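Take a look at the model below. Which of its labels hold up when a value is set against a cut-off?

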Amino acid sequence: MGCREIRSVQQARDDGSSTMAVSFKDSDDATSALTEADTRAQAAIVGALRSEWGEELRIIGEEDDNADVASLLEGRTFDPLDRTLFDDELGETADLDAADFTIYVDPLDATREFVDGRLENCQVLVGIAIGDQAVAGVIGIPFPAGDLSTGETIVYGMADVGTGVVGEPLARGPFPLERNIDGIKFPRPHVASGRSQSPVMKSARDAVNRFGGSNVQYGGAGNKILAAALGEVSASIQDRYGGPWDVCAPEAIIKGFGGKITDLFGQDIAIYGPNAPRRCSERGYVATPPSSDVPHDALIATLLSQSDVKQHREDLIGEDTGN
């Protein structure tokens, strides 16, 4: 449902019937862009989930504080969800209380790229956590071909269980932002990162060079992690992200593919639940496919040998321990 709302906004942009307004949650941060696609997608996702499972279901969305989301939900009805869709893949599941779950919703991951027209980066992320663990997720890809020429793709998965695809067959590549990668200008192994010029990310890119490879730009946390899960890149690195809605779904899915994801320091992602450490989103992530020519542990060790990364770790750990 989120993908449909985003595609509808884009269709109006394409045919000139609507001019999309863009605001910024932080006027100094271009990545904090907010559009009607974000609010409409969150309203559609949250409304459908609440209609099916009621108010007792705990849902945390990136746009929870946005008044437009609440107004879009008023008086709206939603078609029933198909609960049997993945029965063949997942089999029987134990009865669990809704109170055991937290649903994390990122209605439009890579909003900045959406605004700029780099549509192939955009995703809808719906993750399920039990306690402090990401267990399942869905990644909606509204523009698999980078435009409206094909329908959406839905990738779903459960950590350590498996994955599947619904809708438009998944045919990723060429790479989202570097359309002409040929292994010469950008020698392999490829490691995905974003546009951040923070000292930590500059050090991380320097570390990648020790493996003889190169960095390629991907927008959106979910897009980077899915690229690693699918083996498009040998690793994906990000030094920080917005919140648990950015990583819950893709963490579960990359684990469903058999890949690995940790924070920059080689520890489990720790952002779900009430016991998550402060500034946990600043610990970033490193994601690698099941068989990568950049071994996960070797990459972590190389990152930790970088002075900026070490200082970043000391700053965060020191704050957690009070040192």
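What follows is a set of questions and answers on this predicted model.

Q: What makes the radius of gyration of the chain agree with that of a compact globule?
A: The chain has 323 residues, and a compact globule of that length would have a radius of gyration near 20 Å. The chain has 19 Å, which agrees. Along its principal axes the C-alpha trace spans about 55 × 45 × 45 Å.

Q: How many helices and strands does the secondary structure of the chain hold?
A: The count is 10 helices and 13 strands. Buried residues make up 50% of the 323 residues. Take contacts between residues at least 6 apart in sequence: 68% of them join residues at least 24 apart.

Q: How do you know that the span of helix H1 agrees with its number of residues?
A: H1 covers residues 2–15, which is 14 residues. At 1.5 Å a residue they should span 20 Å. The end C-alpha atoms are 20 Å apart, so the two values agree. Gly 16 follows H1, and its phi is positive, near 80°.

Q: Which elements do the buried residues of H1 pack against?
A: The partners include helix H2 (36–53), helix H5 (111–116) and strand E4 (101–109). Strands E5 (123–130), E6 (133–141) and E7 (153–158) are also among them. The buried residues of H1 include Cys 3, Ile 6, Val 9 and Ala 12. Glu 5, Arg 7 and Gln 10 of H1 are buried too.

Q: Why is Cys 3 called buried?
A: Its relative accessible area is 5%. Buried means under 20%, so Cys 3 qualifies.

Q: What makes Ala 48 buried rather than exposed?
A: Ala 48 has a relative accessible area of 4%. The cut-off for buried is under 20%, so the label holds. Ala 48 sits in helix H2. Beyond residues up to four places away in sequence, Ala 48 touches Met 1, Phe 78 and Leu 81. Its C-alpha atom is separated by 41 Å from that of Lys 202, 154 residues apart along the chain.

Q: How do you know that H8 is largely enclosed by the rest of the structure?
A: Of its 13 residues, 12 are buried, so the helix is largely enclosed. Among them are Trp 245, Asp 246, Val 247, Cys 248 and Ile 254. Gly 258 follows H8 with a positive phi, near 95°.

Q: Why does Glu 251 count as buried?
A: Its relative accessibility is 3%. That is under 20%, so Glu 251 is buried. Glu 251 is found in helix H8 (residues 244–256). Leaving aside neighbours within four places in sequence, Glu 251 is in contact with Ala 134, Ile 261, Ile 269 and Tyr 272.

Q: Which residues have the most contacts inside the largest nonpolar core?
A: They are Val 247, Ile 269, Tyr 272 and Tyr 285, in a core of 32 residues. E5, E6, helix H7 (221–229), H8 and strand E13 (285–288) each give two or more residues to this core. Apart from it lies another core, of 21 residues, among them Cys 3, Val 46, Leu 108 and Val 124. Val 247 itself touches Ile 225, Tyr 241, Ile 269, Ile 271, Tyr 272 and Tyr 285, with residues up to four places away in sequence not counted.

Q: What makes strand E11 and E13 a pair?
A: Pairing needs at least two bridges. E11 (residues 235–238) and E13 have 3, in the antiparallel sense. Ile 237 has Val 286 of E13 as its bridge partner.

Q: What makes strand E12 and E13 a pair?
A: E12 (residues 260–262) and E13 also pair in the antiparallel sense over 3 bridges. Here Ile 261 has Ala 287 of E13 as its bridge partner. Tyr 285 and Ala 287 point one way from E13, while Val 286 and Thr 288 point the other way; all are buried.

Conventions:
Residues are numbered from 1 along each chain as its sequence is written. This is a predicted model: local features need pLDDT of at least 70, side-chain atom pairs count only at pLDDT 80 or more; totals for chains, interfaces and linings use all residues. Side-chain values use heavy atoms; hydrogens and water are left out. Helices (H or I, at least four residues) and strands (E, at least two) are DSSP runs, numbered from the N terminus. The expected span of a helix is 1.5 Å times one less than its number of residues. Buried means under 20% relative accessible area, exposed over 50%, partly exposed in between (1.4 Å probe, protein chains only). Contact means heavy atoms within 4.5 Å. A nonpolar core is a set of buried Ala, Val, Leu, Ile, Met, Phe, Trp, Tyr and Cys residues joined through side-chain atoms within 4.5 Å. The radius of gyration is taken over C-alpha atoms; the globule rule is 2.2 Å times the number of residues to the power 0.38.
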